[in-house]
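Hi,

Here is the structure I promised to pass on. Have a look at it first, and then read my notes below.

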Amino acid sequence: MITAEQHEKLRGWFVGRLPDDLFESLGEVTVDREEITVIGRIPEPRLAESASDAEREAAVGSRIQEFRERTRDARVAVAREAEHRFGKKVSWGVECGGERALFTHVAAPVMTRLRQPQRQVLDTLIAAGVARSRSDALAWCVRLVERHADDWLTELRDSLEHVQRVRAQGPDAPGPLAEDAGPEDTPTDS
């Protein structure tokens, strides 16, 4: 988890580094332990007002695919630099005409131990045809929580950020007091 200031610096780096003509605007930059995801807005295709929903959907899909192919080299160059600088993989996505498309992105394995009642929940999802495996069922559960607990998760993330700021001000934080410590203040191995 990173602080709001670290996130702003990361977003600022991408705003400054991305070619001006890549996106209409930078939509969002999200980060976790493994990956940075950059999502930009691209122009909608120009359609007649009488265009059907099917025509609109096909045009947006084609626009997204065209953007992905046309900008691959520029995105790879920025991603390589960012991966070297931040030590995380960079994934890309776009928003166009109300649609969001993510290009190749990290699917990180997560291990967990579950007791029988939790395993039964997963097995029920498999039996009902909602999921193919326990792994798939667990991912479905996480997506469900993500969708329905957004406010709670946002509040929790804000609280964690506050904890990180307080920890950074603690006695082990580098600062003027650490520089003033003399040899008698230095811990020994005795």
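**What I found**

In this predicted model, E28 stands opposite I39 in strand β2. Strand β1 covers residues 25–31 and β2 covers residues 35–41, and the two pair in the antiparallel sense over six bridges. If you want another pair to find on screen, L26 has G40 in β2 as its bridge partner.

Now to the other pairing of β2. Seven bridges join β2 to strand β3, residues 89–96, and these two run parallel. Here I36 has V90 in β3 as its bridge partner.

Is β2 enclosed or open? Six of its seven residues are buried, so β2 is largely enclosed by the rest of the structure. For the chain as a whole, buried residues make up 24% of the 190 residues.

Stepping back, the chain has seven helices and four strands. Read along the sequence, they follow the pattern α-β-β-α-α-β-β-α-α-α-α. After α4 comes G129, whose phi is positive, near 80 degrees.

A few words on overall shape. A compact globule of 190 residues would have a radius of gyration near 16 Å, but this chain has 23 Å. Along its principal axes, the C-alpha trace spans about 80 × 50 × 30 Å. The accessible surface comes to about 14400 Å², and carbon and sulfur atoms account for 50% of that. Among contacts between residues at least 6 apart in sequence, 51% join residues at least 24 apart.

Finally, how confident is the prediction? The mean pLDDT of the chain is 87, and 90% of the residues reach 70 or more. Where does pLDDT stay under 50? That happens over residues 176–190, and for this stretch the model has zero contacts beyond four places in sequence.

Happy to go through any of this with you.

Best wishes

Definitions and conventions. Residues numbered from 1 in each chain as written. Predicted model: local features only at pLDDT ≥ 70, side-chain atom pairs only at ≥ 80, totals over all residues. Heavy atoms only, no water. pLDDT = per-residue confidence, 0-100. Contact = heavy atoms within 4.5 Å. Rg over C-alpha atoms; globule rule 2.2 N^0.38 Å. Buried < 20%, exposed > 50% of the residue type's maximum accessible area, 1.4 Å probe, protein only. Areas by Shrake-Rupley, 256 points an atom, 1.4 Å probe, with all protein chains shown as cover. Pairing = 2+ DSSP bridges.
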